[in-house]
Amino acid sequence: MSVSERTGQATDVQDNASEAMSREWNWHPELPVRNSPLFSWPPNPTKIFNWYATTWLKVSERSLFALLAVAVWLYLQPALERCRDFEFGWIAQMYVRNLAIMIIGAGALHLYFCTFAKQDKKLKYDRRDQARNARSFSWNNQVVDNMFWSLASGVTVWTAYEVLLMWGYANELVPYVNFGENPVWFLLWFVVLPIWASFHFYWVHRLLHWPPLYRLAHSLHHRNVNVGPWSGLSMHPIEHVLYLSSVLIHWVVASHPIHVFFHFYWNTLGAATTHTGYEGLLIKDRNRFQLGAFFHQLHHRYFECNYGNADFPWDKWFGSFHNGSPEATEKVRERRRRMHGTGR
Ligand SMILES: [Zn+2]
Ligand SMILES: [Zn+2]
């Protein structure tokens, strides 16, 4: 068989697989799903540069979260001198600010995609709309349920961690660095933080899938098979404490409060963007703003796969990676049968 015939056959196989997946999804990105090239062997510097350049040098969630962190530090953070003692005033100010950030962030995405259906089902992964009258949700309503857990528990735990860190800065207990002292580390830390968060998320998330902890806490997040922006941070308080504990790293690694804010937005607003259920925001029919994560959408549909995200190939290394293909679905169903005696 000639090389071209062989490649032709390979393409056919791929097309068939893609067709099978198209029956399962309203829309999906090009398959198989890719991981960050940072850990591919042999290393490919061009690919690595492109992966980071497209997420950092364009208007992206990363660059917007970094800008928001700067703005909050400059205009919306109570002066650190005030944070030396735990007092109602500055803590309440931070709490209200964080509530507003979450309501505006997730709320705007919800209004755009769900309430006003601005881009209909274009670039939407799942065909179905979010659940109303579904008994699995508090108040039988997915959006109300998701908003309640995100705001009542999510923003509270987030603010508690953030308040402790600001108190730590004010009392010089948290290691501090600023741009003037070490510009290279100051900038590099922004690039490393999402990688750290991904590493932390993988392990915490695997732990949450340990059956007792799953039943107690994580099943609440998994009520959402078909996700929306408010689903991202809709978690049980135990999960919030574990998930947001990645920020404890700032007690050890020298950071500026701007890094701390960025890290929180990455975990909280970032959860809203990755759970929109849409690949991106369309402006004049072009995918202008990358949002969703098909990688994580696969986790919500098939459960025992893709515990991490595309920033770090833990799933690939530990055999839990679902690349979006029908073979991977079969493998994951087999895994579920072994783990829970069910192959759904
Ligand atoms: Zn999970
Ligand atoms: Zn999720």
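In the predicted model described here, Asn306 lies in the loop between H11 and H12, where helices (H or I, at least four residues) and strands (E, at least two) are DSSP runs numbered from the N terminus. Although Asn306 is not a glycine, its phi is positive, at about 45°. Asn306 counts as buried because 30 C-beta neighbours lie inside 10 Å; a residue is buried if 20 or more other C-beta atoms lie within 10 Å of its own, exposed if 12 or fewer, and partly exposed in between, with C-beta atoms placed from the backbone. The loop between helix H11 (294–302) and helix H12 (314–317) also holds Phe303, a residue other than glycine whose phi is likewise positive, near 65°. Phe303 is buried, since 22 other C-beta atoms are found within 10 Å.

Because this is a predicted model, local features need pLDDT of at least 70 and side-chain atom pairs count only at pLDDT 80 or more, whereas totals for chains, interfaces and linings use all residues. Residues are numbered from 1 along each chain as its sequence is written, while chains are lettered from A and ligands numbered from 1 in the order in which they are written.

The protein contains 13 helices and two strands, and buried residues make up 36% of its 344 residues. Of the contacts in the protein with a separation of 6 or more, 67% are between residues 24 or more positions apart, two residues being in contact if their C-beta atoms, placed from the backbone, lie within 7 Å.

The largest nonpolar core has 53 residues, and those with the most contacts inside it are Phe65, Ala69, Phe261, Phe262 and Tyr265; a nonpolar core is a set of buried Ala, Val, Leu, Ile, Met, Phe, Trp, Tyr and Cys residues joined through C-beta atoms within 7 Å. At least two residues of this core come from each of H3, helix H4 (88–115), H5, H6, H8, H9 and H10, and H5 gives the most, with nine residues. A second, separate core of 10 residues includes Tyr125, Phe294, Ala328 and Val332. Tyr265, when its neighbours within four places in sequence are left aside, is in contact with Phe65, Leu68, Ala69 and Gly270.

Tyr265 is also one of the buried residues of H9. Helix H9 (residues 257–267) is mostly covered, with 11 of its 11 residues buried, and what covers them includes helix H3 (61–76), H5, helix H6 (183–208), helix H8 (237–243) and helix H10 (269–274).

Two packed helices are described by the angle between their axes and the distance between the axes. The axes of H5 and H9 come within 11 Å and cross at roughly 170°, where axes are lines fitted to C-alpha atoms, for helices over the stretch in contact, and angles run from 0 to 180 degrees between N-to-C directions. H5 is therefore roughly antiparallel to H9, given that angles under 35 degrees count as roughly parallel, over 145 as roughly antiparallel, 65 to 115 as roughly perpendicular and the rest as oblique. The contact brings together Trp158, Glu162, Leu165, Met166 and Tyr169 of H5 with Pro257, Val260 and Phe264 of H9. These residues divide into seven nonpolar, no polar and one charged, where Ala, Val, Leu, Ile, Met, Phe, Trp, Tyr, Cys and Pro count as nonpolar, Asp, Glu, Lys and Arg as charged, and the others, Gly among them, as polar.

Tyr169 is found in helix H5 (residues 142–170) and counts as partly exposed because it has 19 C-beta neighbours inside 10 Å. Tyr169 and His256 are 87 residues apart in sequence, yet their C-alpha atoms are 9.1 Å apart in space. Residues up to four places away in sequence not being counted, Tyr169 touches Leu80, Val174, Tyr176 and Pro257.

The axes of H4 and H5 come within 9 Å and cross at roughly 130°, so that H4 and H5 are oblique to each other. In this contact Ile91, Met94, Tyr95, Asn98, Leu99, Met102 and Ala106 in H4 meet Ser150, Leu151, Val155, Trp158, Thr159, Glu162 and Val163 in H5, and the residues divide into 10 nonpolar, three polar and one charged. Ser150 of helix H5 counts as buried, since it has 25 C-beta neighbours inside 10 Å. Not counting residues up to four places away in sequence, Ser150 touches Met102, Ala106, Trp230, Leu233 and Ser234; Ser150 and Leu233 are 83 residues apart in sequence and 4.9 Å apart in space, C-alpha to C-alpha.
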